[in-house]
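Have a look at it first, and then we'll walk through it topic by topic.

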Amino acid sequence: MKVLDLRCSNGHGFEGWFASEEEYRSQNGSGMLECPLCADKVISRLPSAPRLNLSGARESAQVAESQRPSSPSPPTPPPAATDADLHAVFMRAVRHVLANTEDVGPRFAEEARRIHYGESEARGIRGQASREEAEALIDEGVEIGVLPVPDVLKEPLQ
């Protein structure tokens with residue numbers, strides 16, 4: 001099993017698991033691979049470093065550190081969020097929205113207006129609207145948000 005680091009043309013990084021290098025090339029060449037975040041099909045493989053046993057180097061660095069005079073060290077800042085961290089947070093947010101809203105499909109603009117004007121009960125809804133419908137809703141003062149839902153979350157896993 002080969003685990004490869006991949007990236008789409010939009011810069012989203014993710015992992016792919018393949019039986020072999022040939023399987024990766026075959027799937028990528030036939031357009032079977034897509035970014036789980038944006039569904040982009042232009043996927044490239046990132047270079048990966050081999051596992052190196054550097055225990056000897058680590059031990060000499062620890063010895064040098066232990067011989068250094070101790071002084072109070074400044075607090076270390078929290079680690080910066082990686083692409084994988086941001087991707088995971090985004091996917092959790094999308095899953096939360098999908099689980100806690102009603103899908104009204106193409107009736108989104110109509111139902112959003114009904115809720116806004118008090119003709120229907122207030123609740124979280126999601127659906128599809130054209131750019132023109134979205135702009136008209138915003139002009140009317142209806143609060144909406146755009147959330148791209150990756151294809152991988154639109155259908156159940158098999």
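Reading from the N terminus, the elements of the protein chain go β-β-α-β-α-α-β-α-β-α. That gives 5 helices and 5 strands. Keep in mind that this is a predicted model, with a mean pLDDT of 80 for the protein chain.

- In the protein chain, 75% of the residues reach a pLDDT of 70 or more.
- Confidence is highest in helix H4 (residues 108–116), with a mean of 95.
- At the other end of the scale, helix H2 (residues 55–67) has the lowest confidence, with a mean of 57.

**The chain as a whole**

- The protein chain has 158 residues, and 20% of them count as buried.
- Take the contacts in the protein chain with a separation of 6 or more: 47% of them are between residues 24 or more positions apart.

**Around Asp40**

- Where does Asp40 lie? Look in the loop between helix H1 (21–29) and strand S3 (43–45).
- Asp40 is buried, yet it has no salt bridge. The nearest side chain of opposite charge belongs to Lys41, and that is 8.7 Å away, whereas a salt bridge needs the nitrogen and oxygen within 4 Å.
- The side chain of Asp40 does have a polar atom 3.1 Å from the backbone nitrogen of Val42.
- Leaving aside neighbours within four places in sequence, Asp40 is in contact with Cys8, Ser9, Asn10, Leu33, Glu34 and Cys35.
- Ala39 sits in the loop between H1 and S3 too, and Ala39 is partly exposed, with a relative accessible area of 22%.
- The phi of Ala39 is near 65°, a positive value in a residue other than glycine. Most residues other than glycine have a negative phi.

**Around Cys8**

- Cys8 belongs to strand S1 (residues 2–8).
- Is Cys8 buried or exposed? Cys8 is buried, and its relative accessible area is 4%.
- Going from C-alpha to C-alpha, Cys8 and Cys35 are 6.0 Å apart in space, though 27 residues separate them in sequence.
- Setting aside neighbours within four places in sequence, the contacts of Cys8 are Phe14, Cys35, Cys38, Asp40, Val42 and Ile43.

**The aromatic pair**

- How many aromatic pairs does a search of the whole structure find? The search finds 1.
- The pair is made by Phe18 and Tyr24: their ring centres are 5.3 Å apart and their planes are at 70°, so the pair is edge-to-face.
- Phe18 is buried, with a relative accessible area of 3%. Tyr24 is buried as well, with a relative accessible area of 7%.

**Salt bridges**

- The count of salt bridges comes to 9.
- Glu34 and Lys41 meet through their side chains in one of them, at 3.2 Å from N to O. Glu34 is partly exposed at 29% relative accessibility, and Lys41 is partly exposed at 44%.
- Asp103 forms a salt bridge with Arg126, and the closest N and O atoms are 3.4 Å apart. This pair links distant parts of the chain, with Asp103 in strand S4 (residues 102–105) and Arg126 in strand S5 (residues 125–127), 23 residues apart.
- Asp103 is partly exposed, with a relative accessible area of 46%, and Arg126 is partly exposed at 23% relative accessibility.
- Glu140 forms a salt bridge with Arg113, where the closest N and O atoms are 2.8 Å apart. Glu140 lies in the segment after helix H5 (131–139) and Arg113 in helix H4, so the pair ties together parts that are 27 residues apart in sequence.
- Glu140 is partly exposed, with a relative accessible area of 30%, and Arg113 counts as partly exposed at 25% relative accessibility.
- Which residues do salt bridges with shared partners join into one network? They are Glu102, Arg107, Glu111, Arg114 and Arg123.

Terms used:
Residues numbered from 1 in each chain as written. Heavy atoms only, no water. Helix = DSSP H or I, 4+ residues; strand = E, 2+ residues; numbered from the N terminus. Buried < 20%, exposed > 50% of the residue type's maximum accessible area, 1.4 Å probe, protein only. Lys, Arg positive; Asp, Glu negative; His and termini not counted. Polar contact = N/O pair within 3.5 Å; in protein donor to acceptor, adjacent residues only side chain to side chain. Contact = heavy atoms within 4.5 Å. Phe/Tyr/Trp six-rings, centres within 6.5 Å; stacked < 30°, edge-to-face > 60°. pLDDT = per-residue confidence, 0-100.
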